[in-house]
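Biologist: I'd like to learn how to read a model like this one. Could you walk me through it, feature by feature?

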Amino acid sequence: MGRTNTRVYRFDPIDGDTRVVENVPAYEGGYTAMGAQYRGDDKEPLLFAVSGNRLITIDVEAGTVSDAVVEGLPDGLKWYDGDMDNDGKKLLVASAPDAPSYTIDVVARTATAGNPPGPGRWDDFAPHPKDGRLISVEGDNGDLLHVDPRKSPMKTVLKAGVFPPAEASVSRGSRKSYSATFFDSAGHFYAVDSAGNVNHLDLSGSTVPDRAERIGAGKIPVDGLEVVNGAGRITPMPIPPSYDEIGVTKKAVGSWQSYDPQGQVYSVELTVTAVSKAAGEGKDTRRFRISFDLRTAPGSKVVASGVDVTHEDGKVYLYSQTDQLLEAGSSRPVAVQIMVPGDPAKLPHEYPLDGLRATRLA
């Protein structure tokens, strides 16, 4: 996020949780054209980006950002699009419409010039998981694009007007572009514009739908910063997304030791309030979802009254089972027990509930 003093954020497509990765420092000069090099299922990918004629290496696990000059990469250009090849060894980046694109060998730190990208305001591309085609979106008119590095220019239009025109963020100089694009492993395509609107298009089959779906009923929360790039692949989502955030508070009720398995049980009361967090206005709510981090230890478990519970990628989601009107401004408590295996003497007295949020589903 951000053109300068750029920070890495982690995006959850289910509840829109977009959180800065605290251990990775800001890069003052700013970078874009990001790609991800995967290092196995149990490790964070290594991220690469460019800034001027420098290759930026972001190690999320180590919390480091380093840079080095790339031989053959010109300085003074603004970079937009970027992504890695399937082997994770080369980063393709693009700049101005008529300027050459460049393929960067991230080990040798050398760049080879290629075909120009072509006109338009498209600021990221992502490879389709089935055939490797690079897919992008034109911000001005929402055209779905195929980016072929073998052609000059690289851009061709697959279908016109599939996405709504992109919005800019409130940041000074923000572009009206789709600046972060992703696929999941099934071939579903996600495009986030500079303002944080998230859109979905099913490209898992042989046909291209006429219209993309804007998901989440709201923007991802980035405090007015500009979304400038994205890298990675989204896990297929087992739960419908929603970013329509409403109020939720927590109250610790108590905790006690468990013995099979050994650990600690935390009892908390979560209270959902039918008030929009963004606007501060009451909002009738018939269904809702609560989410928070659950990464303390393998084998952690959550049970709760009157809601369904799903665990997914280090988070837990509690969502209402049936439509039950919660009138605007009113509240409803949810009793929750969190079981965490481990040495009780080393576990916290009160479970932190990091990332606690509630979203309105209907």
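Modeller: Happy to. Keep in mind that this is a predicted model. Let's begin with contacts: among those in the protein chain between residues at least 6 apart in sequence, 57% join residues at least 24 apart.

Biologist: What does the secondary structure of the protein chain come to?

Modeller: Zero helices and 26 strands.

Biologist: And how does the radius of gyration of the protein chain sit beside the globule rule?

Modeller: The chain comes out at 22 Å, close to the 21 Å that the rule gives for 362 residues, so it is as compact as a globular protein of that length. Along the principal axes, the C-alpha atoms fill a box of roughly 65 × 45 × 40 Å. As for burial, 49% of the 362 residues count as buried.

Biologist: Now sheets. How do I read one?

Modeller: The general idea is that strands of a sheet pair through backbone hydrogen bonds, either parallel or antiparallel. Here, take the open sheet of four strands with the order 15-16-17-18, where the pairing is antiparallel.

Biologist: Which are the edge strands of that sheet?

Modeller: Strand 15 (178–183) and strand 18 (213–215), since each pairs on one side only. Ignoring direction, neighbouring strands of this sheet are turned by 30° against each other on average.

Biologist: How many bridges join strand 15 to strand 16?

Modeller: Five, and the two strands run antiparallel.

Biologist: On to the nonpolar cores. Why look for them at all?

Modeller: In soluble globular proteins, nonpolar side chains tend to be buried together. In this model, the largest nonpolar core has 24 residues, and those with the most contacts inside it are Leu-270, Ile-290, Phe-292, Val-302, Leu-318, Val-336 and Ile-338.

Biologist: Which elements give two or more residues to this core?

Modeller: Strand 19, strand 20, strand 21 (288–293), strand 24 (315–320) and strand 25. Strand 20 gives the largest share, five residues.

Biologist: Next, aromatic pairs. How many does a search of the whole structure find?

Modeller: Eight. One of them is Tyr-27 with Tyr-31: the ring centres are 5.8 Å apart and the planes meet at 55°, so the pair is tilted.

Biologist: What about Tyr-266 and Tyr-351: how are their rings placed?

Modeller: Their centres are 5.5 Å apart with planes at 50°, so this pair is tilted as well. Tyr-266 lies in strand 20 (residues 262–276) and Tyr-351 in the loop between strand 25 (331–341) and strand 26 (357–360), so the pair ties together parts that are 85 residues apart in sequence. Tyr-266 is buried at 2% relative accessibility, and Tyr-351 is buried at 4%. Elsewhere, Phe-163, Tyr-178, Phe-183 and Phe-189 form one aromatic cluster.

Biologist: Last topic, the backbone. Where are there cis peptide bonds?

Modeller: One joins Ser-152 and Pro-153, with omega about -5°. Pro-153 sits in the loop between strand 13 (144–147) and strand 14 (155–159). Another runs from Asp-260 to Pro-261, with omega near 5°, and Pro-261 is in the loop between strand 19 (245–259) and strand 20.

Biologist: And Ala-33, what is its phi?

Modeller: Positive, about 55°, although Ala-33 is not a glycine. Ala-33 belongs to strand 3 (residues 32–37) and counts as buried at 0% relative accessibility.

Biologist: Is Asn-5 buried or partly exposed?

Modeller: Partly exposed, with a relative accessible area of 44%. Asn-5 also has a positive phi, near 45°, and is found in the segment before strand 1 (9–11).

Technical notes. Residues are numbered from 1 along each chain as its sequence is written. This is a predicted model: local features need pLDDT of at least 70, side-chain atom pairs count only at pLDDT 80 or more; totals for chains, interfaces and linings use all residues. Side-chain values use heavy atoms; hydrogens and water are left out. Rings of Phe, Tyr and Trp (its six-membered ring) pair if their centres lie within 6.5 Å; planes under 30 degrees apart count as stacked, over 60 as edge-to-face and the rest as tilted. Buried means under 20% relative accessible area, exposed over 50%, partly exposed in between (1.4 Å probe, protein chains only). Two strands pair if DSSP finds at least two bridges between them. Axes are lines fitted to C-alpha atoms, for helices over the stretch in contact, and angles run from 0 to 180 degrees between N-to-C directions. A nonpolar core is a set of buried Ala, Val, Leu, Ile, Met, Phe, Trp, Tyr and Cys residues joined through side-chain atoms within 4.5 Å. The radius of gyration is taken over C-alpha atoms; the globule rule is 2.2 Å times the number of residues to the power 0.38. Contact means heavy atoms within 4.5 Å.
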